[in-house]
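Student: I have a protein model open and would like to go through it with you. Could we take it piece by piece?

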Amino acid sequence: MANPEEHQPAKLPPPPKAASRRRKLIATALILLLAGGGWYWYKHRTPAPGAPGAAGAGGASGAAAGRGGPGGPGGPGGQRSPVVVSTVAQRNMDVILNGLGNVTPVANVTVRVQVSGPLLKVLFKEGQMVKAGDVLAEIDPRPFQATLDQAVGTLARDRALLENARLDQKRYRTLLGQDSISSQQVDTQDALVRQYEGVVKTDQANVDSARLQLGYTRIVAPASGRIGLRQVDPGNIVNTSDTNGIALITQIQPIAVLYTIPEDNLPSVLKRLHAGETIPVQAWDRQARNRLAEGTLLTTDNQIDTTTGTVKLKAIFQNQDGLLFPNQFVNMRTRVDTIEDATVVPVAAIQRGQQGTFVYVVDDSSKVKVQVVALGPSDGERTVVTKGLQPGQRVVTDGADRLKEGMTVETVDPAARAAALVPASAPRARGRRRDGGASGVPGASGVHGEGRRQRDGASAAATDGGGSTSATAGAVPQRPQ
């Protein structure tokens, strides 16, 4: 019999300890190699676009790198925050009250017919300026003319009867004096004369009424102003019960504006009104960018609205150019006083915090200081400072969100700063860098749209805020396109 142990696989000897130690050393070497490569890439990586201190090789990282170098405004030698400053001024300051108003016509008349009938003519153009008394439309006058003629005939007949009665009355009085007739007959004749006099007066009233109705067939403008759209076309039957009428006339020259102000500002307005002074007002458009008209304050309402705490004011404008339109919303500015030699600062300089209202003052050494101030009236652009500032001091108007007490700042020109902020959608000029900075590789610089390299090793200057760059001396000019 065969031995069963001969068909079993032979057992492998265990791996030696030297092979295991070799694999550990290889893994450790790979980890160290990866760590060294990562450290080398971090130290020699290309700066991100727009990063401080990014500049090409060739020695341009000092002056051309701008503020990113050591010791510069943005380096470890001292951080400087760019800000926009304004000088505290001393000037006359108008005290302005702002309010939202609604343009209201002085007269708003709906032209309605006063007699019923077919409309024959419309004598106005939609939107034209009309004067009081101008004929606007005509209604068929023939029925009213016939009524007038009938009344005139009745009046003539009754006047003839009255004249005959008066003649008989005269004869009867003569005969009564001769004692030829009785006095009763004379009294009867006197009553008949008075009766005819009453009839003649009634007939005269009927004639006047018929003539008036005939005059109503010519529809005239009851007021001067701008006429609106036509409501009825010729040929239609118009009635006195029509609610829309013929058209709408709106008086726009002059025109009024109703607006509101807070009740706290009412005493200053009433003081000038009671003194008989003229208070100038201005009407501005909805965005408060364009001045539409100038006028004067007419009067105030007789009570304060308790729900809103405001009071209504009414101003009048001549509106010769017609810029104010009925029911238009406008921003109203009312000048109630003028403060002479006031200390004023831009509204943008005012900050608010736990210490109250304050501003950042920049001294001669470009350091900022928190200065608590007391404010006065404002006109929307500038504010009066009653305490805390002196004329000639410099205050921060832009960039204050990054400031702290004692920081050193760098003042910038607001015009240059605005010019540097080019929109991202603005087209870039050919030849400018696409990455906004130097590549960090000696002798190489990316060119917009071409990808060509500068071959003389010259470095590129730091980019400006709009994405453009200015090359330093020695750069090779690009070939013409």
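Student: Which residue in β7 does V135 stand opposite?

Tutor: V135 stands opposite V220 in β7. Strand β6, residues 135–139, pairs with β7 in the antiparallel sense over three bridges. Two strands count as paired if DSSP finds at least two bridges between them. Strands are DSSP runs of E with at least two residues, helices are runs of H or I with at least four, and both are numbered from the N terminus.

Student: Before we go on, what sort of model is this, and how are residues numbered?

Tutor: This is a predicted model, in which local features need pLDDT of at least 70 and side-chain atom pairs count only at pLDDT 80 or more, while totals for chains, interfaces and linings use all residues. Residues are numbered from 1 along each chain as its sequence is written, and side-chain values use heavy atoms, with hydrogens and water left out.

Student: Back to the sheet, then. In what order do the four strands come?

Tutor: The order is β7-β6-β4-β9, in an open sheet with antiparallel pairing. The edges are taken by β7 (218–220) and β9 (237–238); each has a single partner strand, so one side of each is left without a neighbour in the sheet.

Student: How many helices and strands does the protein chain have?

Tutor: The protein chain has five helices and 22 strands.

Student: And what share of the residues is buried?

Tutor: Of the 481 residues in the protein chain, 30% are buried. Buried means under 20% relative accessible area, exposed means over 50%, and partly exposed lies in between, with a 1.4 Å probe and protein chains only.

Student: How much accessible surface is there in total?

Tutor: The protein chain has about 30200 Å² of accessible surface, and 52% of that belongs to carbon and sulfur atoms. Such areas come from the Shrake-Rupley method with a 1.4 Å probe; for residues, only the protein chains shown count as cover.

Student: Let us change topic to salt bridges. How many are there?

Tutor: The count comes to twelve salt bridges, where a salt bridge is a side-chain nitrogen of Lys or Arg within 4 Å of a carboxyl oxygen of Asp or Glu. One of them joins the side chains of E197 and R166, at 2.9 Å from N to O. This pair links distant parts of the chain, since E197 lies in helix α3 and R166 in helix α2 (residues 142–177), 31 residues apart.

Student: Are those two buried or partly exposed?

Tutor: E197 counts as partly exposed because its relative accessibility is 30%. R166 is likewise partly exposed, at 35% relative accessibility.

Student: Which residues are linked with them in a network?

Tutor: The network of salt bridges links E163, R166 and E197.

Student: Where do R211 and D208 lie?

Tutor: Both R211 and D208 lie in helix α3, three residues apart, which is about one turn of the helix. They form a salt bridge whose closest N and O atoms are 3.7 Å apart. R211 is partly exposed, with a relative accessible area of 44%, and D208 is partly exposed, with 41%.

Student: What about E277 and R272?

Tutor: Their side chains meet in a salt bridge at 2.7 Å, N to O. E277 is partly exposed at 40% relative accessibility, whereas R272 is buried, with a relative accessible area of 17%.

Student: Which residues does Q213 touch?

Tutor: Leaving aside residues up to four places away in sequence, Q213 touches Q114, V115 and F144; contact means heavy atoms within 4.5 Å. Q213 is found in helix α3, residues 183–215. Q213 and L148 are 65 residues apart in sequence, and their C-alpha atoms are 8.7 Å apart in space.

Student: And Q169, is that residue buried or exposed?

Tutor: Q169 is buried, because its relative accessible area is 16%. Q169 lies in helix α2 and touches Q189, D190 and V193, not counting residues up to four places away in sequence.

Student: One last topic: which residue takes a positive phi in the hairpin of β19 and β20?

Tutor: G380 does, with a phi near 100 degrees, and the hairpin has three residues between the strands. Strand β19 (residues 374–378) and β20 run antiparallel and are joined by three bridges, with A374 opposite K387 in β20.
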